[in-house]
Amino acid sequence: MKNLFRRTVIGLLIGCAAVPVVPTQPAGAAPVACPPATPAALAAFFDGALPGRLAADRVPGAVVSVAAGGSTAFAKGYGLADIERAVPFDASRSLVRIASISKLFTWTAVMQQVEAGRLDLDTDVNRYLTGFQVPGTYPQPVTLRHLMSHTAGFEDFVTGTGARAAADVPPLGRYLAEHMPARIRPPGEISAYSNFGAALAGHIVSEVSGEPYDRYIQRHLLNPLHMTRSTTAEPVPAALAADLARSYDTDLDPPKVYPFTFDRMPPDGSVTTTAADMAAFMNAHLSGAGQILSPQVMELMHERSFTADPRIDGYAHGFKERTVNGHRVLMHDGGWEGFTSLMLLLPDCDLGLFMSLNSLSGGTPEMLRFVDAFFDRFAPGPAGVGAGQPAVAGGAPQPGFYKPTRHNVTSFEKLTTLLSPSRLAVDDAGVVTFRGKAWTRQDDGRYQADDGDRLVYLPGTRYVATDGSAAELMSPAETIPVNLGVLSVLLLPVLAALVLPVGRLVRRIRRRPAATTRTWRLARGLAVGAAVLGVVFLGGLLATVVVQSGEFLYGVPLSFLLLLGVPVVALVVAVAATALTVRGWRGSGAGTAARIHQVSLLAGMVALTWFLWQWNLLGWQGA
């Protein structure tokens with residue numbers, strides 16, 4: 001999905017997929033019968049809780065729809081779609097940007113082409129690409145099944161994936177060719193959410209069908225489902241634009257409106273729609289309404305296509321799997337600008353829920369609370385616990401710092417790995433602490449948190465996987481403690497250098513000439529200058545993360561490009577300082593303390609060089 005990157009100062013660069021975790025039950029538990037989702041029951045549920053919750057969390061508005069029995073059982077808006085104009089949310093008229101839920105349209109289009117015989121899920125995608133190719137980094141080729149399960153093995157990137165104007169959005173094929181990410185692991189090994197992979201799949205649909213992506217979705221999905229108030233076009237067509245809801249940052253007072261942002265990879269998140277139209281899409285997948293896929297292909301699409309371990313949920317050809325109250329759920333979420341959206345299907349209840357909020361402030365936690373309550377009311381839990389999964393051998397997870405499997409390796413965005421680790425610890429009782437939860441070992445070898453989320457360690461690998469996402473054990477060189485230690489090698493002698501002007505002042509007051517040679521003094525000045533430039537760079541880097549992270553969505557800011565030049569200058573100065581230090585070491589007239597400090601400054605520059613190399617900050621890699 002599009003990350004909810006505006007929620008944190010580093011989230012933009014991470015692109016770490018935020019995957020809602022809903023309460024789970026062991027897969028073997030038998031769900032009870034689903035109570036009828038009647039319009040009256042649904043209205044009582046939403047009307048009774050949602051308005052007050054929105055007000056308490058300063059969320060301007062929300063829109064919901066429920067599909068059941070092949071029809072729209074409920075659709076209603078709450079609060080305001082536009083604060084300035086006091087426009088209320090309307091489930092049939094108000095348009096919301098559903099971000100990564102758009103991928104379900106792309107995956108459905110892929111399955112249509114599979115049904116037509118133009119695509120095969122297990123064929124090398126390069127067979128379908130004409131203008132560029134996916135690099136053959138590994139013997140195993142990337143297939144559509146890999147793309148749909150986010151197991152292609154691509155690194156992640158966020159920089160330059162958005163645009164402020166339509167003129168800044170190049171043709172999809174050209175953009176994909178020019179921004180091909182590195183393949184960092186063999187396909188099929190582990191899931192790592194990839195917007196690029198979804199965009200590549202949408203491009204392949206265009207290649208084999210001969211239709212541009214937006215036209216294809218309009219003709220083969222939106223029109224057959226009578227989704228007349230939905231579009232993949234950006235900007236939204238004039239006939240619909242007046243009803244486009246606004247999204248807000250309500251952490252600010254007054255709330256700030258998020259500007260319309262264009263997606264440079266439309267198949268991964270460009271759909272704008274209404275709650276009522278989304279009910280039609282849900283019914284298409286639940287009951288075959290609109291006949292966009294044959295029953296056989298629809299059934300295939302809903303089958304599991306990947307899981308890291310049979311004891312946890314996985315993917316079903318683009319859908320995220322969840323087990324909720326004993327029911328198998330097919331779902332997807334999305335966040336873009338200030339919108340937060342969620343779509344869930346319960347095939348065994350013939351029930352679907354769509355919900356969208358126009359603010360990220362408190363949005364996701366509240367949405368998940370409503371999902372919990374919705375399931376408890378209309379898809380209640382089992383009367384007892386079933387047999388569960390058969391026992392699987394495996395030891396405890398390896399303690400340490402973990403990074404999301406969705407990360408960058410080859411550009412400066414790799415730095416976000418350092419800024420977003422999760423520590424995993426195992427106490428004496430065998431309880432695992434990870435991502436703010438305590439996980440207790442179960443009889444089948446998995447670990448389970450109080451909210452039902454499940455975790456497994458994959459023996460023989462560096463991975464742990466949960467019902468939500470997977471993580472990879474970080475090497476020591478990637479961890480915060482090691483990097484802070486390395487940077488302290490630079491920072492401590494720079495702090496010590498603050499006393500140098502005091503010494504010079506004392507000598508002047510006492511009228512004592514400097515006892516050191518000119519070469520040594522020059523070497524000292526250059527070493528101090530290089531180290532200070534290094535510290536200035538680190539300070540600028542921190543300021544960029546805190547203040548400018550949102551700008552990277554549109555491309556690399558000029559200020560960051562200039563900042564990357566600072567360590568280059570610092571290292572050139574450090575090389576000169578090293579040469580002069582060696583040349584003037586003997587007979588310099590310097591005392592022991594000065595010599596130790598000089599060596600410490602140069603060692604600090606070596607430490608800085610390692611840090612720059614480790615995080616692709618040496619030069620302009622990926623900028």
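Helix axes are taken as lines fitted to C-alpha atoms over the stretch in contact, and the angles between them run from 0 to 180 degrees between N-to-C directions. The structure described here is a predicted model, in which local features need pLDDT of at least 70 and side-chain atom pairs count only at pLDDT 80 or more, whereas totals for chains, interfaces and linings use all residues. Residues are numbered from 1 along each chain as its sequence is written, and side-chain values use heavy atoms, with hydrogens and water left out. Helices (H or I, at least four residues) and strands (E, at least two) are DSSP runs numbered from the N terminus.

Two helix pairs were examined. Helix 13 (residues 480–496) packs against helix 15 (residues 518–547) at an angle of about 120°, the two axes lying 10 Å apart. This angle makes helix 13 oblique to helix 15, given that angles under 35 degrees count as roughly parallel, over 145 as roughly antiparallel, 65 to 115 as roughly perpendicular and the rest as oblique. The crossing of helix 13 past helix 15 is left-handed, a term used if the near helix is turned anticlockwise from the far one by less than a right angle, with clockwise giving right-handed. In contact terms (heavy atoms within 4.5 Å), L487, L490, L491 and V494 of helix 13 meet A531, V532, G534, V535 and L538 of helix 15. Helix 13 also contains L492, which counts as exposed at 55% relative accessibility, where exposed means over 50% relative accessible area, buried under 20% and partly exposed in between (1.4 Å probe, protein chains only). L492 and S600 are 108 residues apart in sequence, yet their C-alpha atoms are 8.6 Å apart in space.

In the second pair, the axes of helix 3 (residues 103–115) and helix 7 (residues 213–222) come within 11 Å and cross at roughly 75°, and the two helices are therefore roughly perpendicular to each other. Residues F105, T106, T108, A109, Q112 and Q113 of helix 3 meet Y213, Y216, I217, H220, L221 and L222 of helix 7.

The loop between helix 7 and helix 8 holds H226, for which phi is positive at about 55° although the residue is not a glycine; H226 counts as exposed, with 63% relative accessibility. P235 lies in the loop between helix 7 and helix 8 (238–241), and the peptide bond from E234 to P235 is cis, with omega near 0°. A further cis peptide bond, with omega of about 5°, joins D253 and P254. For context, most residues other than glycine have a negative phi, and most peptide bonds are trans.

Strands are said to pair if DSSP finds at least two bridges between them. Eight strands close into a barrel in the order 15-16-17-18-19-20-21-22, with antiparallel pairing, and the twist averages 30° from one strand to the next. Within this barrel order, strand 17 (residues 432–434) is joined by three bridges to strand 18 (residues 437–441), and V432 stands opposite W439 in strand 18.

Residue N358 is placed in the loop between strand 14 (351–357) and helix 11 (363–378), and N358 is buried, with a relative accessible area of 0%. The side chain of N358 reaches the backbone oxygen of R246 at 3.0 Å. Not counting residues up to four places away in sequence, the residues that N358 touches include V59, P60, L80, F89, S247, Y248 and F339.

Methods: Polar contact = N/O pair within 3.5 Å; in protein donor to acceptor, adjacent residues only side chain to side chain.
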